[in-house]
Amino acid sequence: MKSIKAFSFATFFTVSLFSASLLAQNVPESGTIGLRANFVGQTAIEVPYMLNDKLSLAPYFGLNSVQDQSTNFTLGVRPRYYMSEDRALATYVTGAIGLSNTSFDNNNVNSVTNFNLAIGYGAEYFFSDQFSISSDANLGTGFGDSNTNISTQARISASIYF
């Protein structure tokens, strides 16, 4: 009886994966606009725009606030250069150029403004023409009012394209 259940589960899993791969699409066409939210990493909303079949620019905006402590505002652009566009799984090189401002509620320092740069590598899986999930790893630096720092970041995002 256990072997029948295991076989049924394995068959269902295989058919599901095969069906998902049949429905998978390619990188969106030139001129497509979208909306991207990050589950892990940078807490910002991105608006990706496909300039052509290989390059997208995603302006981003983020706002984080902790009551009676601080408010963080970020603004910038995150380009993606797709290394492959003929498959459902597209790899890309990414980066970020932006500004961040943190204002403190309970400190002698009123605010800190930094300029941020990052570069990274990732992959995006297109379930359909309108939906994808991506993941990337980034190496970044921030400099300005606070000490210059170097950091790593991993991001997992979901995108909806219109």
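A polar contact is a pair of N or O atoms within 3.5 Å; within protein, one of the two must be able to donate a hydrogen and the other to accept it. The legends below refer to a predicted model.

**Figure 1. Overview of the predicted model.** The secondary structure of the protein comes to one helix and nine strands. From the N terminus on, the order of elements is α-β-β-β-β-β-β-β-β-β. The protein has 162 residues, of which 30% count as buried. Among contacts between residues at least 6 apart in sequence, 49% join residues at least 24 apart.

Figure 2. Glu124 belongs to strand β7. Its relative accessibility is 0%, so Glu124 counts as buried. The side chain of Glu124 makes a polar contact of 2.8 Å with the side chain of Tyr161. A polar contact of 2.8 Å also joins the side chains of Glu124 and Arg80. With residues up to four places away in sequence left out, Glu124 touches Arg36, Arg80, Tyr82, Ala88, Leu89, Ala90, Tyr92, Ser132, Ile133, Ser134, Ser159 and Tyr161. Arg80, one of these residues, has its charged end over the ring of Tyr92, 4.1 Å from the ring centre.

**Figure 3. The largest nonpolar core.** Seven residues make up this core: Val27, Met50, Tyr82, Ala90, Tyr92, Phe126 and Tyr161. Ala90 touches Val27, Tyr82 and Phe126 of this set, and its contacts also include Ser84, Gly122, Ala123 and Glu124, not counting residues up to four places away in sequence. Tyr161 is a member of the core and also the residue whose side chain is joined to that of Glu124 by a polar contact.

Figure 4. The structure holds six aromatic pairs. In one of them, the ring centres of Tyr82 and Tyr92 are 5.8 Å apart and the planes stand at 65 degrees, so the pair is edge-to-face. Tyr82 lies in strand β5 (residues 70-82) and Tyr92 in strand β6, so this pair ties together parts that are ten residues apart in sequence. Both Tyr82 and Tyr92 are buried. Elsewhere, Tyr125, Phe127 and Phe131 form one aromatic cluster. Two arginines are placed over tyrosine rings: Arg78 lies over the face of Tyr60, at 5.8 Å from the ring centre, and Arg80 sits over Tyr92 at 4.1 Å from its centre.

**Figure 5. Pairing of strands β6, β7 and β8.** Strand β6 (residues 89-104) and strand β7 (residues 111-126) pair in the antiparallel sense over 15 bridges. Within this pairing, Ser100 has Asn114 of β7 as its bridge partner. Strand β7 also pairs with strand β8 (residues 131-144), again in the antiparallel sense, over 13 bridges. Here Gly122 stands opposite Asp136 in β8. The strands β7 and β8 form a hairpin, with four residues between them.

**Figure 6. Ala158 in strand β9.** Ala158 is found in strand β9 (residues 149-161). Ala158 counts as buried because its relative accessibility is 15%, and the cut-off for buried is under 20%. Leaving aside neighbours within four places in sequence, Ala158 is in contact with Leu35, Arg36, Ala37, Phe39, Phe131, Ser132 and Ile133. Ala158 and Phe39 are 119 residues apart in sequence, with a C-alpha to C-alpha distance of 7.7 Å.

**Figure 7. Met83 in the loop between β5 and β6.** Met83 is partly exposed, with a relative accessible area of 44%. Not counting residues up to four places away in sequence, Met83 touches Lys54, Thr91, Tyr92 and Val93. Tyr92, one of these residues, is itself buried. Between the C-alpha atoms of Met83 and Ala123 the distance is 9.5 Å, and the two residues are 40 apart in sequence.

**Figure 8. Backbone at Asp68.** Asp68 is found in the loop between β4 (55-66) and β5. Most residues other than glycine have a negative phi. Asp68 has a positive phi of about 60 degrees although it is not a glycine. At 57% relative accessibility, Asp68 counts as exposed.

Notes:
Residues numbered from 1 in each chain as written. Predicted model: local features only at pLDDT ≥ 70, side-chain atom pairs only at ≥ 80, totals over all residues. Heavy atoms only, no water. Pairing = 2+ DSSP bridges. Helix = DSSP H or I, 4+ residues; strand = E, 2+ residues; numbered from the N terminus. Buried < 20%, exposed > 50% of the residue type's maximum accessible area, 1.4 Å probe, protein only. Contact = heavy atoms within 4.5 Å. Core = buried A, V, L, I, M, F, W, Y, C linked by side-chain atoms within 4.5 Å. Phe/Tyr/Trp six-rings, centres within 6.5 Å; stacked < 30°, edge-to-face > 60°. Lys NZ or Arg CZ within 6 Å of the ring centre and 35° of its normal.
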